[in-house]
Amino acid sequence: MALIINGKEISAAIKEELKTEVAQMKDEGIEVTLAVIQVGADPASSVYVRNKKNACAYIGINSLAYELPEETGEEELLSLVSELNKRKDVNGILVQLPLPGHINEDKIIRAIDPKKDVDGFHPQSVGALSIGQPGFVSCTPAGIIQLLWRSGIEIEGKECVVVGRSNIVGKPMAMLLLKENGTVTVCHSKTKDLKEVCKKADILICAIGKPKFFTKEYVKEGAAVIDVGIHRNENNKLCGDVDYDDVYPVAGAITPVPGGVGPMTIAMLMYNCVQSAKMFQE
Ligand code: NDP
């Protein structure tokens, strides 16, 4: 029987820990404040932004919401980011992606002060991770490391296969597993014999954005399978990149969708916000 890795429970535990920490910080006169900027009213982005605000409220983090119209210009957004960079009472800045097509996302991400880059997308944060220096880590892969740790799944010395090489999931995931002394292989759409490569994995991270792509033919008996994908199936139910019912009988541990990786992303964003406030004090 595979261990079902419960991201809901693990993320709730992290939020409880953060809540206690934020209360202690408040007693010492330290406030944590996250500024969230949304441009336009994309429904999925609005849901994410609302969830982030709710998580802040629960933990005791102040949140400043900037809901800007779709037609907001790049310069206007850059000047808001610059103002928030300067504000001493703001620890973290998050610009909800995707941005409307007329705004250069890269330029906006680069404009955020790396000390406030709680999403971990700034090139300086990415570079710091690559050379093993302190900095903010992209929330989804950071959450996956927590899932593995808190489920007692050892990474050191293990064959880790990451399928997907995006800047926000695949690449930072590979770096984090490497930092934990895993032996890491990164696969992508041009990888040959993907099934064979995946079958070598003790820890298989599936992050390609293709519903139910990974069947038991990709999984070694007893492997830990982490499903990053989020999709709606034909019945409008959530599913992942992994064919859960097919893989569950062979896996040693597996994350469900929903309730696996998903809830960890916001928990780790909250974690990064608390870290940013601590860094400010130092
Ligand atoms: P991207 O589309 O940015 O990247 C997908 C990656 O998968 C690319 O590197 C691509 O390769 C690779 N890929 C695509 N098809 C195949 C294939 N058939 N075989 C091997 N590799 C393939 O996606 P993201 O990393 O942003 O997201 C991946 C999934 O995770 C999505 O479903 C997304 O919704 C979900 N997600 C979930 C989050 C959460 O909080 N749970 C957070 C972020 C993402 P190549 O580079 O060669 O094109």
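The model is predicted. The ligand is surrounded by 22 residues, and the protein covers 71% of the 930 Å² of accessible area that the ligand has on its own. Away from that topic, the notes below describe cis peptide bonds at P98 and P258, and positive phi values at K212 and N236.

**Ligand surroundings**

- The closest of the 22 residues around the ligand are R165, S166, S189, K210 and T265.
- By residue class, the shell around the ligand divides into 10 nonpolar, 10 polar and two charged residues.

- The side chain of S189 places a polar atom 2.6 Å from an oxygen atom of the ligand.
- R165 has an N or O atom in its side chain at 2.7 Å from a ligand oxygen atom.
- V228 takes part through its backbone: a polar backbone atom of this residue is 3.4 Å from an oxygen atom of the ligand.

**Cis peptide bonds**

- Most peptide bonds are trans.
- The bond from L97 to P98 is cis, and its omega is near 0 degrees.
- P98 sits in the loop that runs between β4 (92–95) and α4 (105–111).
- V257 and P258 are also joined by a cis peptide bond, with omega about 5 degrees.
- The loop that holds P258 lies between β11 (253–254) and α10 (262–281).

**Positive phi values**

- Most residues other than glycine have a negative phi.
- K212 is not a glycine, yet its phi is positive, at about 50 degrees.
- The position of K212 is in the loop between β7 (203–206) and β8 (224–227).
- N236 belongs to the loop between β9 (231–232) and β10 (238–239).
- The relative accessible area of N236 is 51%, so N236 is exposed; the cut-off for that class is over 50%.

Note on methods. Residues numbered from 1 in each chain as written. Predicted model: local features only at pLDDT ≥ 70, side-chain atom pairs only at ≥ 80, totals over all residues. Heavy atoms only, no water. Near = heavy atom within 4 Å. Polar contact = N/O pair within 3.5 Å; in protein donor to acceptor, adjacent residues only side chain to side chain. Areas by Shrake-Rupley, 256 points an atom, 1.4 Å probe, with all protein chains shown as cover. Nonpolar A, V, L, I, M, F, W, Y, C, P; charged D, E, K, R; others polar. Helix = DSSP H or I, 4+ residues; strand = E, 2+ residues; numbered from the N terminus. Buried < 20%, exposed > 50% of the residue type's maximum accessible area, 1.4 Å probe, protein only.
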